[in-house]
Structure formats: C-alpha cells, structure tokens
Amino acid sequence: MKLRKGLVVLTILMLVAGLVLGGCGQKKPEAPKEPEKTVIRFAHWRGEDKAAFESIIKKFEAENPTIKVEQSIEGSEKHDTKLLAEFQAKNGPDVFAVMPGARFANVVKGGWFLDISGEKFLDVVKPHLRLPGQDGGKQYAVPYQLVFNDPVYNKGIFEKYKLEPPKDWKGFLALCETLKKNGITPIIFDSEIGPGQFMNPMLMNNMPSDDALVKVQKGELKLTEDWFVTTLKQFKELNDKGYFQKDVLGTKKAGAAALFAQEKGAMLAQGSYMMASNKQANPNLKQGLLAPITVSADKMKYEGIHTATFMIAINKDSKNVEAAKKFMAFLFKPEIAAEYANATGQMLTISGVQYKTEELMEQAKWLEKKTLFQPRYMITVSEVEKAIVNSIMDVIGGMAPEKAALKAQQEVDRVIKK
Amino acid sequence: MRKYWPLSFFILPGLLMYVIFFVFPAISALGLSLTDWNGITPERNFVGLANYKEMLTNDPIFAQAFGNNIKYMLFVVFFQTLFSLIFAMMLVKNSRLNVFYRALFFLPTIIASISVAFIWIFVYDPSIGSLNTFLTKLKLDFLIQSWLGDKNIAIYSIAVVQCWAHIGQVMVIFIAGLQSIPKSLYEVARIEGATPWQTFRHVTWPLLAPSATIVVAYTTLQSFKAFDLILAMTDGGPSYATEILSLFLYHQAFNHYKFGYASATAVIFMLIVASITLLQFKILRANKVSY
C-alpha cells in the first residue's frame, strides 16, 4: 500500500518537474503561417485552352501570391446551364466566360453581371469591339476572342487555279463553277454549325439594315420579305448547282473539318476559329478568309463578319471582386493575351498583341476590313434564331425558299405573339 | 396488425428518398407548369393552363416531337425485340463460342451513349463515313443515303443505333427465358414429329411470352425516354425531324429558358409514360404462364 502511494507521489513529482523544466526551455519558433489565400473560380467552356490558361494562372499567382485561381471547364451548352443554376444558388464563379446574344441577355436578365464600366483594363479593347458586352449603357462583359465568321479557304487550291477572292455574287458563282469543273468541292458545309455561321456573311449585304434580325424579333420586319427570301434563294442556288459537298445535312462539324483538312474542298463555311485546328490536322495547309459578297460590287456594304464568342465577366455576387478584377486585368495585359493567342491560335480583341502564327497573322489583316458584327448574335430570342437557322436547312433539304421563309416567319410570329 | 407497425420504420428511408427525389419534384413541376417562369429571374406569374393550351393546340414542334417519339418507339420495340430474340435463339447453348458471342453482343450496352453517338456519327457521315463507303465498295450505290441529314430517315437511322446498342442487353433476358423452358417439352415435340417452326410456335413462343412481355415493356419505356443518343447525334435536327419529347422539353428549358412551358411538357410526358407503364403492367399480368 505504502509502495503504491510512493509511486503515485513520485509520478506527480516527475510530471511537475517535467512541466517546470519544459517551461524554462527556449520557446520553439512557430512555423511561419502561410498568408490566407483568396480563392477565385474562373469558369469557361474551352477545354482546348486549359493548358494555356494554366500557364497564365501560374504567372498570375506568382505575381499575386495571396490569390489562387481555380479553373472550371464545362462543354459550352453545359457551361451555360450550370452557370445559371449556380448563379441562382448564389454560388457562381467569380470570373466567367459568356457568349454574346441570347446567352448574354439571359445573364443580364438575372442581374448577375458586375458593372465593369470604366475599369482601366477595358482601355486595350477598341470601343466598337466592346459593344457585344454592353447593355443599357453599362459594360457587363468584355469580348476576349475576336472571330471572323467568314469561310476559310485553301490558298493552295486558289493559287493552283489562279483564283482570287471575288468581289460580287457573280464572281463568287464563277469561282465555285471553276472549282467544281476541276473536281474540287467549292464549299464544305455542315449541318451542325454551318447554317448558323454561313448565314451571317450571306445576309450582311442583303439585309435592309444592320439590325434587320433584331427588327424581325420585334415584329418590325418579316422573313417573308425580299431580302431574306433572296438570301434563301442564294443558298438554294449554291446547293442546286452542286457547290456544296453531297448530303450537306448529314455532315457534322467534325466531318466537314476533316474534308477541308484533307483538301477535298476549297472553302470551309465556318470561321476563323477553325484555322488553328485545320493547320494541326494538315500542317501543309495555307489558309485565308473570304466572305461571299451576295450583291454587285457597288452595293457591297461589308467585306465580312466579326464576332466575339468568349466574353469575360465578373459575378456581381462574388465575395472576391477585387481579386477577380485583378485576374481579369491580368488576362487583358497585351503580353499575357499574346501568350494565350499564340498558344491557342485565337485572335483577340486586345490592341498591341503580337501574333506569331501564320493563321493569326492572316486574321490580323481582317482588322482593317469593314466587317459587320455577327447578325445572328443580335437575336436575343433563341427560338427566333432557331427558326431562321432551320429555314436554311429546309431550303437545303429541298423546300422552296418562299415556303421556308413563310414557315420560319410563322414560328417567329408564334413565339413573339404577333 | 398492430404488432407489425414498428416494421413501417424500415420503409421510412426509402419512402423519404422517394418523396424528396420524386414526389416533391413532380409536384413542383406541376406547380411550375402553371407559371411563365423563365428559370432566370425570381418572378413567375400564374398563367393557369395557358402553357398546356399553347402546347396542345398551337405548337407544331410539340406535335412533331410526339409523332417522332411514336415512330422511334415502334421501330425500336419491333426491331430490338426481333433481333434480340433471333440472337438469343442462336446463342442459347452454353458453349464457349456462344458465351464469347454473347459477351461481344453485350459490349455496346456498356459503352456510354455519347461514345456510341460519336462512333455512329462517323459511320453515317455521307462523305467519309464507313457505311456509304462500304455500300459503294459493294456496288450498292443506290442504297447510299444521307443517314442523318434526310428528314425522312434520320429518326430511323438513330433508332438503328439504339437497337445496336441494346440488342445484347435484351438478348440476355431472352436467353434466360429460353433456358428456363423445360427440355422435356422439346423432347415431346420431337417425338411427336413437330417441325422447327411448329416447335417454336407451340412450345418456345408461348413459354417465352413472360420474357417477351418484360422485353417489350422495358424497350418501350427505354425508347420513349431516349435522350442522350439523339442529343449527341442530331440535337433534334434537321428541322426538328429527330426532335422527340424529352429533347423538346430540354430545349424549352435550357435553350429557350421557358421553364414553365418545359414543366408543362414534363407533366404531359410523365402522364404518357405512366399510361404506357400501366397498360404494360396489365398485359404483363395477363401473360402469366404456368406449366
């Protein structure tokens, strides 16, 4: 019993001595705490740009050690759906990409854009290129990529047959005929994105005003009018004369791109955004851009189409607005933008960017041309857009232009309840 | 009865899940279908039955989608059932070769629909697709089609892909049904001098009826609710030729942001599926066979 008591006393003494001696020792220096990082999320749909953005983000984080940027990427359609759901749950990304037109209008409707009017980083984007990101006089998003929705053409084939981009509709038809006679498909067209792309240069000089499609959705102009029916007739003419490849409506975007890369066609009716991937598929390909001029040379108003498909914006409900603005400003620095452009092959809206690839230098020539902002993106009611695109498919599928125009107008009337 | 009431607690988790994930969304869809909600702004106005009226009386795309649904369903139900039965009868014996072929036919079932769609987009491509190239090589040029571009055949072209992807799966059900038929019945038929057709007609088919009913019920619902394959292959095009109800609903909600209207479509869609299920349930009960 005595022994046990002794043991207890001894243990207590040892513990007290340990504590006292420990307390007398030097304080261990605390490990330096990492500064708390602000995490911002950047959401977009361009999976092909992941590596380029990763490299840019690394540089941004090195320059701003207190900010961490997370990239979240979804396919373009899922991106929109997810974005709206996240905004409603007040859990949206801090910085995000958005398309112009109907999709931009939806985010404006939800009130989820932070007004970035007057921000310094906007200065590097020419005022007319900022327009697609504006609503009610406020700048909500800034176009980052500059796309020319004009057919891409194979310069090698054109040189072989001594062809030049034509200046009028007659010339365009003659060009197609020469190509066809030499066994080359003049235009590779696809049913997936082709009608929505090719309709823009086909319409640009036929429309009675630049905002004709806006007037259609307001009920002020009709698709059954001469300007639209003429455009459909011109589509029909190209199809009937065999200037598109066989079975256009069964060809998907990837199939069309493959045909063009294999040099089975002279023009690809998509846009400048295809030039980098075409080159990747066929490194020997020399490409240029040309738009069909659907009127006589003296009536030409525009040489081509431009658009912005990757607009960058900040979430109004972001808890890290300052960090988000810093990141956005970083993306718009010309040297950073140049890194992105040359890595992804995309032309940008930013002034002072040095382009290095052959394709980007070719696109840069179009900055000086008179181009119209993509009419399709001026439509903010998606059903109206679909009705117009479908009328082109109907004509290519064999429907008379007048009937296709009437069908489209009936759908527009139903949607806008006129 | 009283002594069993504590057992009801065992069904509570399942019931709770059912209420949260089915009953509640179904009721909320019903509520939303009476509004003009755009899915973006919080405002929603009560519009009564306007969405239903518009859909059922004034929307040609809804009518076309419903018609496409029926065409798609009938094609898939007939050909998927027929070919899976033929393959099942060919591969019913458990030999090594048959087991290999069963696995081979089952393989497309485990491939994701999106991958199946991409494979077939290239098969059907009119210029570089293997199907038209194959037909050209066989000098069967007259059979060459714009498989996904022709409004009259696009829906059937996708239905073929649906059959290709699921025949192996349905075949397994038929094989199980065939293997459960007592061999003695075939012996009797053989002794009685029945021809192969008579054996099929009077022995195999009647005893396979329960399996066939399950197959038809499953295939009907599966084809009626098809979505991802069509979305990836044509997205409802060209000119709504392959738009079916599920896709119509999706486009209304996520392309046109008409969530109220899409909810009304969902309610109608749910009613159609429920009616088909009920009808099939009755047929299934009537087809019970004993021997």
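Both A:R41 and A:E86 are buried, where buried means under 20% relative accessible area, exposed over 50% and partly exposed in between (1.4 Å probe, protein chains only). The two residues form a salt bridge, with the closest N and O atoms 3.1 Å apart. A salt bridge here is a side-chain nitrogen of Lys or Arg within 4 Å of a carboxyl oxygen of Asp or Glu. The pair links distant parts of the chain: A:R41 sits in strand β1 of chain A and A:E86 in helix α3 (residues 76-88) of chain A, 45 residues apart. Helices (H or I, at least four residues) and strands (E, at least two) are DSSP runs, numbered from the N terminus. A:R41 and A:E86 also belong to a network of salt bridges that includes A:E74 and A:K82.

The model is predicted: local features need pLDDT of at least 70, side-chain atom pairs count only at pLDDT 80 or more, and totals for chains, interfaces and linings use all residues. Residues are numbered from 1 along each chain as its sequence is written, chains are lettered from A and ligands numbered from 1 in the order in which they are written, and side-chain values use heavy atoms, with hydrogens and water left out.

Strand β1 of chain A spans residues 38-44. Five of its seven residues are buried. β1(A) pairs with strand β2 (residues 67-73) of chain A in the parallel sense, over seven bridges. Two strands count as paired if DSSP finds at least two bridges between them. Within this pairing, A:V39 stands opposite A:K68 of β2(A).

Over all chains, the structure holds 28 salt bridges. One of them joins the side chains of A:K59 and A:E339, at 2.6 Å from N to O. A:K59 lies in helix α2 of chain A and A:E339 in helix α14 (residues 334-344) of chain A, so the pair ties together parts that are 280 residues apart in sequence. A:K59 is partly exposed, with a relative accessible area of 41%. A:E339 is partly exposed as well, at 21%. The side chains of A:E48 and A:R46 form another salt bridge, at 3.5 Å from N to O. A:E48 is exposed, with 59% relative accessibility, whereas A:R46 is buried at 10%.

A:E359 is found in helix α15 (residues 358-364) of chain A. The residue counts as buried, at 9% relative accessibility. Leaving aside residues up to four places away in sequence, A:E359 touches A:M275, A:K279, A:L285 and A:Q287. Contact means heavy atoms within 4.5 Å.

Chain A also meets chain B. In this interface, 37 residues of chain B are in contact with 32 residues of chain A. The size of an interface is often given as the accessible area lost when the parts come together. Chain B and chain A bury about 2,700 Å² between them, 51% of it on carbon and sulfur atoms. Buried area is the accessible area (1.4 Å probe) that two parts lose on being put together, summed over both. Four salt bridges are found across the interface. B:E54 forms a salt bridge with A:R414, the closest N and O atoms being 2.7 Å apart.

For chain B, an unreviewed UniProt entry lists "domain: ABC transmembrane type-1" at residues 66-280. UniProt positions are given in the numbering used here, feature names are shortened, and annotations may be inferred rather than shown by experiment. This span is 73% helix and 0% strand, and its end C-alpha atoms lie 20 Å apart. The annotation "transmembrane region" covers several stretches of chain B, including residues 72-92 and 153-178. Residues 72-92 of chain B are 90% helix, with end C-alpha atoms 29 Å apart. Residues 153-178 of chain B are 96% helix, with end C-alpha atoms 34 Å apart.

The loops of chain B hold some backbone features. The peptide bond from B:G237 to B:P238 is cis, with omega near -5°. B:P238 is found in the loop between α10 (228-233) and α11 (245-254) of chain B. B:S239 lies in the loop between α10 and α11 too. Its phi is positive, near 50°, in a residue other than glycine. B:S239 is buried, at 2% relative accessible area.
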